[in-house]
Protein chains: 2
Amino acid sequence: MFLERFMFSKNKIKYIRSLELKKNRKEDGVFVAEGHKLVGDLLGHFHCRMLVATADWLASNKDAVADEIIEASYEELSRASLLKTPQDVLAVFNQPQSDYTLEDIKHSLCIALDDVQDPGNLGTIIRIADWFGIEHIFCSQGTVDVYNPKTVQATMGALARVKMHYCSLPSLIASLEDFPVYGTFLDGKDMYEETLSASGLIVMGNEGNGISKEIAGLVNKRLYIPNYPKGQETSESLNVAVATAVICAEFRRRLQ
Amino acid sequence: MFLERFMFSKNKIKYIRSLELKKNRKEDGVFVAEGHKLVGDLLGHFHCRMLVATADWLASNKDAVADEIIEASYEELSRASLLKTPQDVLAVFNQPQSDYTLEDIKHSLCIALDDVQDPGNLGTIIRIADWFGIEHIFCSQGTVDVYNPKTVQATMGALARVKMHYCSLPSLIASLEDFPVYGTFLDGKDMYEETLSASGLIVMGNEGNGISKEIAGLVNKRLYIPNYPKGQETSESLNVAVATAVICAEFRRRLQ
């Protein structure tokens, strides 16, 4: 197949750098991914508008498809990169449209994020969801943007499989009617002693403040990840991504 | 008690900034912590050489003890800070001497880190160890420095309780004689189907390469954290801190 090759102009570098900001990504409906593994994982799943790579990368990835394919030196890629450690390939993808039906959700285990702030935590949670076969993550409007470059990188490609939805969590919970809603609280009940259902919504809260009051009122199963020795008082907590992993692992263990 | 107050000179700012480098921290046997919660957690545990804080912080923490206590403006603190987000208190602590006896270890669950590289991952693992009552972490000499400012911050104070030892992991394992050594591998056995002992060494590997060949040969229980749906092939993996948490939680659950 003949591929028209484009120039990597200053304007294009400027355009890519502008995508560090959420408002610019939103306006164009795009996001940036960098690195061989990540771009490779996403290429089959999302429409690629612009692919910028070194000659070496292009030579060994001849079947990569994009609206524009641009050969660039590593130095040029470094100027465009949104990361501390530039890579030999960078791609601009269309943001996917993620749909769901309430019927799907009612038969699944899903995660809801109530104002998670750290881009790395969000990316790690998406990767955890992928590992534990959780297909949908619902994010409050105050949750960090999934297309933040740090989030995209931290997903390690899991973004290709996990569907992300930004919405009002109270409205979602209301529309799910009598659906089990789980949340973790320092005064919750030992999760190992509680019944866990095969489908349900697991709510994880903000790094500093936990689950907001409004959402806490809608949780009908308050869980606690026991520390050890059990019952020893602690003022500490687990990182939100770490807690998500321990909870998801336990839900899945029960289904074995 | 009368406390002599010192000036926050340019030299002191320069000194603190020099502690971003491991060789300077090592030479002086010190490390830097920043922020109210972290400094507060560490003050009772480690000898503080220098405490720099705003007038407000000092007024509400009158019993803080340090060799030198320095009042500084937030702007001055910002110039000394090793973090992106400067805080209203910064402290230089002595690096603790962590001892252990083989007898202690033989009756404990411990973690060994084989060249973990990311400072944030190391800090998160220390926090996880604290939550799950794991008192000792052994690090290969190639593991990132525990006194890296990003690691110290990520521990959220758990550094006050978890003891860190840098050593040769093969020598440690040899000296423990017939001690259970666990490791996670993509071709390991489902950890939910394996016997887990109350004491043992859990080895976690490098972010990119996993457990090194040499150490892998010394692991006598190869575990796997099952993904879901179980048995579905995956080329993916979990972040090392996330995997540590899921494994530690399972070891502790069995002891309930």
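In this predicted model, helix α7(A) passes α11(A) in a right-handed crossing. Helix α7 of chain A spans residues 119–131, and helix α11 of chain A spans residues 240–254. Their axes come within 9 Å and cross at roughly 15°. Angles under 35 degrees count as roughly parallel, so α7(A) is roughly parallel to α11(A). On the α7(A) side, the contact is made by Asn121(A), Thr124(A), Ile125(A) and Ile128(A). Helix α11(A) contributes Val240(A), Ala241(A), Thr244(A), Ala245(A) and Cys248(A). By class, six residues of this contact are nonpolar and three are polar. None is charged.

The contact between the chains takes 26 residues from chain B and 26 residues from chain A. In chain B, α7 (119–131) and α11 (240–254) each supply at least two residues of the side that touches chain A. The largest share of that side comes from α11(B), with seven residues. The side of chain B that touches chain A holds 15 nonpolar, five polar and six charged residues.

Confidence was taken from the predictor. The complex has an ipTM of 0.92 and a pTM of 0.94. For chain A, the mean pLDDT is 94. In that chain, 97% of residues reach 70 or more.

How values were computed:
Residues are numbered from 1 along each chain as its sequence is written. Chains are lettered from A and ligands numbered from 1 in the order in which they are written. This is a predicted model: local features need pLDDT of at least 70, side-chain atom pairs count only at pLDDT 80 or more; totals for chains, interfaces and linings use all residues. pLDDT is the predictor's confidence in each residue, from 0 to 100. Two residues are in contact if their C-beta atoms, placed from the backbone, lie within 7 Å. Helices (H or I, at least four residues) and strands (E, at least two) are DSSP runs, numbered from the N terminus. Ala, Val, Leu, Ile, Met, Phe, Trp, Tyr, Cys and Pro count as nonpolar, Asp, Glu, Lys and Arg as charged, and the others, Gly among them, as polar. Axes are lines fitted to C-alpha atoms, for helices over the stretch in contact, and angles run from 0 to 180 degrees between N-to-C directions. Angles under 35 degrees count as roughly parallel, over 145 as roughly antiparallel, 65 to 115 as roughly perpendicular and the rest as oblique. A crossing is left-handed if the near helix is turned anticlockwise from the far one by less than a right angle, and right-handed if clockwise.
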